[in-house]
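Dear colleague,

Please find below the structure that I am handing over to you.

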Amino acid sequence: MAVYTDVTEGELSAFLQNYPVGQLLSYKGIAEGTENSNFLLHTTAGSFILTLYEKRVEKADLPFFLGLMDHLAKKGISCPLPVHRHDGSMIGTLAGRPAVIITFLEGMWLRKPGVVHCREVGEALAAMHLAGADFTMHRANALAIDGWRKLWEASRARANEVEPGLAAEVDGDFADFERNWPCDLPTGIIHADLFPDNVFFLGEKLSGLIDFYFACDDFYAYDLATCLNAWCFEKDFSFNLTKGTALLAGYQSVRPLSEAEKQALPMLARGSALRFMLTRLYDWLTVPDGGLVMKRDPTEYIRRIRFHRAIGSASEYGLK
Ligand SMILES: Nc1ncnc2c1ncn2[C@@H]1O[C@H](COP(=O)(O)OP(=O)(O)OP(=O)(O)O)[C@@H](O)[C@H]1O
Ligand SMILES: N[C@@H](CCO)C(=O)O
């Protein structure tokens with residue numbers, strides 16, 4: 001369960017005095033999530049999410065993440081709206097942690113998304129890219145190639161324990177990225193972690209996007225490549241071409257890709273798979289078993305990297 005910090009009713013009620021959210025009726029910790037402590041609040045004004053930021057989120061980045069949600073929500077993207085305090089600020093302190101209240105989104109995330117959901121995600125991702133284009137704050141991607149290299153340096157010596165031959169394989173990927181990583185693609189605000197657990201649905205309709213805590217400036221097509229990895233592979237590691245086709249068509253119905261983006265897609269998908277393999281591998285090797293942080297399997301992403309290495313053109317993902 002990922003509630004790292006306990007909050008008493010007394011301190012929460014006092015904290016809520018600073019917000020236009022009425023009186024506290026009830027609250028409970030939310031087990032899902034791995035980065036922060038989240039609570040569902042019911043007040044006389046409705047339902048809200050309280051987040052206490054733990055050490056994996058940089059406090060200096062909070063104005064960017066919250067400002068982005070505020071910007072996107074006001075432009076019609078269905079994402080949580082940070083509730084402003086009576087003094088106008090969005091960030092408070094509770095139980096010694098930076099703390100924020102955001103609006104509650106209806107819906108649930110899907111453990112087995114289908115083709116129709118992939119199309120919805122593609123459309124929503126492109127709409128988010130367009131809506132973020134005039135957001136004035138910036139954040140470099142801490143998990144771009146330099147960040148991957150740091151994770152790799154910390155994990156390489158034990159990589160072959162997880163998968164025989166992995167060290168040499170990933171060294172080869174880095175050598176390829178140094179030569180072939182694209183450098184001049186359309187760039188702007190990306191979500192950077194739009195996995196199924198960060199997208200809510202009501203039936204077949206997408207009802208909201210959450211968890212903007214990896215958002216940053218990077219290539220739009222890299223965000224799309226991350227969605228291909230997160231949404232279009234089956235449990236047996238096979239790529240589902242029908243889902244890929246739907247995701248890409250949904251995206252292009254809102255924001256058509258340039259020729260350069262189309263050509264770069266296999267390299268971006270391979271880089272994105274490496275990024276998630278590396279964060280998972282690092283946690284796998286360094287986080288103690290039985291702790292609160294849920295460790296995710298890096299080998300799922302080793303399989304994806306191998307798949308992308310063999311791709312000749314983005315049409316193999318279903319790109320039209
Ligand atoms: N605005 C919201 N409306 C409804 N539920 C929410 C909202 N924000 C978060 N939640 C709930 O809290 C859970 C955890 O949220 P979130 O993914 O932001 O946490 P996290 O700690 O950043 O985790 P991770 O980065 O591992 O996904 C979500 O799965 C969802 O159940
Ligand atoms: N979505 C990430 C974890 C949290 O950001 C993963 O599946 O590895």
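A residue is called buried here if 20 or more other C-beta atoms lie within 10 Å of its own, and exposed if 12 or fewer do; in between, the residue is partly exposed. Please bear in mind throughout that this is a predicted model.

That cut-off bears directly on helix α7. Because 12 of the 12 residues of α7 are buried, this helix is largely enclosed by the rest of the structure. The residues concerned are Y220, A221, Y222, D223, L224, A225, T226, C227, L228, N229, A230 and W231. In length, α7 agrees with expectation: its 12 residues should span 16 Å at 1.5 Å a residue, and its end C-alpha atoms are 17 Å apart.

The chain as a whole

The chain contains 10 helices and nine strands. Its radius of gyration is 20 Å, close to the 20 Å that the globule rule gives for 320 residues, so the chain is as compact as a globular protein of that length. Taken along the principal axes, the C-alpha atoms fill a box of roughly 60 × 45 × 35 Å. Of the 320 residues, 39% are buried. Among contacts between residues at least 6 apart in sequence, 72% join residues at least 24 apart.

The two domains

The domain assignment divides the chain into domain 1 (9-103) and domain 2 (115-317). On the side of domain 1 that touches domain 2, the residues comprise nine nonpolar, four polar and three charged. The contact between the domains involves 16 residues of domain 1 and 17 residues of domain 2. The centres of the two domains, taken over C-alpha atoms, are separated by 27 Å.

Helix α8 and its partners

Helix α8 runs over residues 241-254, which makes 14 residues, and reaches 20 Å from its first C-alpha to its last, close to the 20 Å expected at 1.5 Å a residue. Its buried residues are K243, G244, T245, A246, L247, L248, G250 and Y251. Against which helices do the buried residues of α8 pack? They pack against α3 (115-131) and α7 (220-231).

Leaving aside neighbours within four places in sequence, G250 is in contact with C118, R119, E120, V121, G122 and E123. One of these, E120, is 130 residues from G250 in sequence, yet the two C-alpha atoms are 6.4 Å apart in space.

Helix α9 and L285

Residue L285 lies in helix α9 (residues 259-286). Is L285 buried or partly exposed? It has 16 C-beta neighbours inside 10 Å and therefore counts as partly exposed. Beyond its neighbours within four places in sequence, L285 is in contact with S155 and R158. L285 and A159 are 126 residues apart in sequence, while their C-alpha atoms are 8.6 Å apart.

Which residues are found around ligand 2? They are D193, F195, F276, T279, R280 and R296. This shell divides into two nonpolar, one polar and three charged residues.

Most residues other than glycine have a negative phi.

A95 is placed in the loop between β4 (92-94) and β5 (97-103). With 15 other C-beta atoms within 10 Å, A95 is partly exposed.

A192 counts as buried, because it has 23 C-beta neighbours inside 10 Å.

With kind regards

Note on methods
Residues numbered from 1 in each chain as written. Chains lettered and ligands numbered in written order. Predicted model: local features only at pLDDT ≥ 70, side-chain atom pairs only at ≥ 80, totals over all residues. Helix = DSSP H or I, 4+ residues; strand = E, 2+ residues; numbered from the N terminus. Contact = placed C-beta atoms within 7 Å. Domains from an automatic or database assignment. Nonpolar A, V, L, I, M, F, W, Y, C, P; charged D, E, K, R; others polar. Near = placed C-beta within 6 Å. Rg over C-alpha atoms; globule rule 2.2 N^0.38 Å. Expected span 1.5 Å × (residues − 1).
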